[in-house]
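Here is a short tour for anyone meeting this structure for the first time. Have a look at the sequence and the model, then read on.

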Amino acid sequence: MKQKIVWLSALAGILIFGFIIYKIGPAEIWQYITKISVYNFLILVGLRILYWFLRTINWKVVLEAYEGKTSLLHLYIARMSGHAVSQLTPTAQVGSEATRIFMANCSSGKVCVASVIVDKTIEFLATVFFTIVGVVSIFFRIHLSGKLKAIFIGGVVISTLLLLFIISKQKKGLLGWVTDIIGKLRIRFKFLEKNREKIKETDEHISEFYRSHRGAFLKVFLLYSLLIMLWAAEIHLGLIFIGVADISFVDSFLITVLGNLAFIFPFIPGSLGIYEATYIGLFALLGRDAGAALTLVLIRRIIALLLAGIGLLGMLKPIPAKK
């Protein structure tokens, strides 16, 4: 049943994607695509490689807080392998994190799981912070209906409360709490029952990071903040390259941070269809052409698939981690 839901979600994404292309029209999209040169395309590829490199450094900072020096190259390949899984399979974000845990080859599996959870939480924290900034900014820049204001405010409030709840539970034992909830619901997973002690130890590693590595926490948060600004620069250049020359960097920033709403559907590969629809909606709010929105997303998808190839190669021949 679960597998059917996953595949139906993927099919829904494909149908939404096809409908959007049909409504906008391939001819209009092609007009935008022809405006980007090979040189400009390679610039966008380079920025995306830099983006993933910096994300790997963030994870490296968290992991090294636990077990000392690690191989940046190996972690980068593990990161890109996770990216490949998220782009090419219906497991999307869930499969991405599981893949990098498997590929990381840490000295301790419990430490590896803890490092990925902490890294993802700090990334989520930075994303929510900048989304709040984006929502406040859009209120001053655009006249929104009461319904849209309620949607934006509600999304921010829910995300903030969820984040605070997750961090609070991580300090006390998030995985153990989840395991207990599953047990109370009388859902039996043999894996959880057999590994309850390991789950408890992983929780202790997560809690220990927040208690003992505040400097590393701040460093990773600042790096993720830098990453969001780099992402906004990618969006801004991408729009200029396809001929949207009158776009401001503030608008590009808003498109970037509010566009993250597309990733709340974890079982659609690369948020196919949802990502496009989200960007088209944001462009409409900013008074921009839907064709430009879809073209930008298509270019970014092409780049994402190219970089997924790095992850696929890494999965074929893993590189041993340096201890």
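## Ground rules

This is a predicted model, so local features need pLDDT of at least 70 and side-chain atom pairs count only at pLDDT 80 or more, while totals for chains, interfaces and linings use all residues. Residues are numbered from 1 along each chain as its sequence is written, and side-chain values use heavy atoms, with hydrogens and water left out.

## The overall build

The protein chain has 14 helices and zero strands; helices (H or I, at least four residues) and strands (E, at least two) are DSSP runs, numbered from the N terminus. Of its 323 residues, 49% are buried. Here buried means under 20% relative accessible area, exposed means over 50%, and partly exposed is in between (1.4 Å probe, protein chains only).

Take contacts (heavy atoms within 4.5 Å) between residues at least 6 apart in sequence: 74% of them join residues at least 24 apart.

## A nonpolar patch

L88, L305, L312 and M315 make up a nonpolar patch on the surface. For such a patch, residues need over 30% relative accessible area and no salt bridge, and nonpolar side chains (Val, Leu, Ile, Met, Phe, Trp, Tyr) are joined within 5 Å; like charges are joined within 9 Å. Helix 14 (residues 290-316) gives the most, with three residues. L88 sits in helix 4 (residues 72-88) and is partly exposed at 45%.

## A buried glycine

G259 is in the loop between helix 12 (249-258) and helix 13 (274-285), and it counts as buried at 1% relative accessibility. Its C-alpha atom is 6.1 Å from that of Y279, 20 residues apart along the chain. Leaving aside residues up to four places away in sequence, G259 touches L254, Y275, T278, Y279 and L282.

## Salt bridges

A salt bridge is a side-chain nitrogen of Lys or Arg within 4 Å of a carboxyl oxygen of Asp or Glu, and the count comes to eleven. In one of them, R48 pairs with E234, with the closest N and O atoms 2.8 Å apart. R48 lies in helix 3 (residues 38-67) and E234 in helix 11 (residues 214-241), so the pair ties together parts 186 residues apart in sequence. R48 is buried at 11%, and E234 is buried at 2%.

R288 and D246 form another, also with closest N and O atoms 2.8 Å apart. D246 counts as exposed at 60%.

Terms used
Areas by Shrake-Rupley, 256 points an atom, 1.4 Å probe, with all protein chains shown as cover.
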